[in-house]
Amino acid sequence: MVNEPTHAPLLSIVVPVYGVEAYLYQCLESIRAGIPAGESDAVEVVAVDDASPDGCGDMLRSYAAGHDGVRVVHLSSNVGLGLARNAGLDVAAGRYVWFVDSDDWLPPGTIAAVLDRLRQHQPDVLMLDHLRVHEDGRREVDASSHLLRGIPGVTRLADQPRLLRVQHTAWNKVVRRDFLDQLELRFFPGWYEDIPFSHPLLIGAEKISVLDRVCYLYRQGRQGAITSTRSGRHFDAFAQYERLLGWVARKHPDERLQAELFQLMINHYLVVVGNDDRLHPHLRRDFFHRAAEHYRRYLPTGGYPLPSGVTGLKHRLVGRGDWLAYSALRQAHRVAGRLRRSGPAGGGGAAGAVSADDDPGRGADVATTRDAGTVTDRRDAFAGGRLP
């Protein structure tokens, strides 16, 4: 039984919990300690014990007993991240909801800044910046963070289409609850559950606010994390993109939007298929061919913004379904990378930034293509254009 709040808070923070005994207290404390004096009624924490096999359930009971404004939902069986978020959303009472993963945490000052911005702009979606934090303490700027710069006031995706390229996660967005219900959005089961959830928020929002400060610390390399787990469940990405593109076709059938999402989808597939931490070698060929099938199935009739350089070449190889050429290119690219890193300068690239291979949304120079092999126009596909 979950106790009902005695008031309607401005913000509900939903924290799904599974197998994070070593990190849970840090996450919860970063939230509660960050609530400014006099603002305790403005924030509630809804923690969802997703039948965690470790001591997380007992930790949550103890924590809620000692802290006002913390409610706990205990699930009888493990349902996965997306459905655990839904369970928290079902009982959340706030005007806004923020999904925070239980192995991550918030830097000091975050809650105050978020509350101030929500009151000031009353947006449908508030977008937040983050840092990636490695187990050795090293912090990295996300490759898409620069896209959040220089956006004062409130905006729409039509006016700032670059926002679609910001990392597509649930935890870097605070969402107005009524708006979420209006879109009838919930999380689907399976891995990569953020795909059909995050993009529609930006597409449907009339008021987007951007808080250009680091509000979230995203833990990297944790054992058991999806991005560092070899599994066939990475194939779940295909069903999630089918849901996203189906939603767009029904709700916002615009060719420019479809073209941008198509490029992001292929970028994402290339990240997964090329990452040793995600796929066993014997699954890589099958994943590539599934990506090629989606390329043929969803290729926009008017083409799409093709990335330049090696990434653009990989796109073409996916479009052709040429596994042998892709595999050879991948191996050559990896050898070249090792040689660069072993050189006297220690390799190139900007320190503290995540590479394009890790970020499916990254890409600056693009070309427009109508098929997998012909570049017809080197320009930004959205120059002078507006999304719906």
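At what angle do helix α7 and helix α9 pack, and how far apart are their axes? Before I answer, a word on the model. This is a predicted model, in which local features need pLDDT of at least 70 and side-chain atom pairs count only at pLDDT 80 or more, while totals for chains, interfaces and linings use all residues. Residues are numbered from 1 along each chain as its sequence is written, and side-chain values use heavy atoms, with hydrogens and water left out.

Helix α7 (residues 236-251) and helix α9 (residues 281-298) pack at about 15°, with their axes 11 Å apart. Here axes are lines fitted to C-alpha atoms, for helices over the stretch in contact, and angles run from 0 to 180 degrees between N-to-C directions. Helices are DSSP runs of H or I with at least four residues, strands are runs of E with at least two, and both are numbered from the N terminus. The angle makes α7 roughly parallel to α9, a term for angles under 35 degrees. Their crossing is right-handed, that is, the near helix is turned clockwise from the far one by less than a right angle. From α7, F238, E242 and L245 meet F287, R290, A291, H294, R297 and Y298 of α9, where contact means heavy atoms within 4.5 Å. By class, this contact has 5 nonpolar, 1 polar and 3 charged residues. Ala, Val, Leu, Ile, Met, Phe, Trp, Tyr, Cys and Pro count as nonpolar, Asp, Glu, Lys and Arg as charged, and the others, Gly among them, as polar.

I turn next to α1 and α2. These helices pack at an angle of about 25°, and their axes are 11 Å apart. That makes α1 roughly parallel to α2, and the crossing is right-handed. On the α1 side the contact is made by L24, Y25, L28, E29 and R32, and on the α2 side by C56, M59, L60 and Y63. These residues divide into 7 nonpolar, no polar and 2 charged.

Which residues of α1 (residues 24-32) are buried? They are L24, C27, L28, S30, I31 and R32, with buried meaning under 20% relative accessible area, exposed over 50%, and partly exposed in between (1.4 Å probe, protein chains only). The buried residues of α1 pack against β1 (11-17), β2 (43-49), α2 (56-66), β3 (70-74) and α4 (110-121).

Now the charged pairs. A salt bridge is counted when a side-chain nitrogen of Lys or Arg lies within 4 Å of a carboxyl oxygen of Asp or Glu, and the count comes to 22. One of them joins R132 and D142, at 2.8 Å from N to O. This pair links R132 in strand β5 (residues 125-133) to D142 in the loop between β6 (139-141) and β7 (154-155), 10 residues apart. R132 is buried at 7% relative accessible area, and D142 is buried at 2%. By contrast, the bridge between D159 and R156, at 3.6 Å, involves residues that are partly exposed: D159 at 36% and R156 at 27%.

Finally, L317 lies in helix α10 (residues 309-320) and is buried at 7% relative accessibility. Leaving aside residues up to four places away in sequence, L317 touches F288, D322, A325, Y326 and L329. From L317 to L329 is 12 residues in sequence and 9.7 Å in space, C-alpha to C-alpha.

Methods
Angles under 35 degrees count as roughly parallel, over 145 as roughly antiparallel, 65 to 115 as roughly perpendicular and the rest as oblique.
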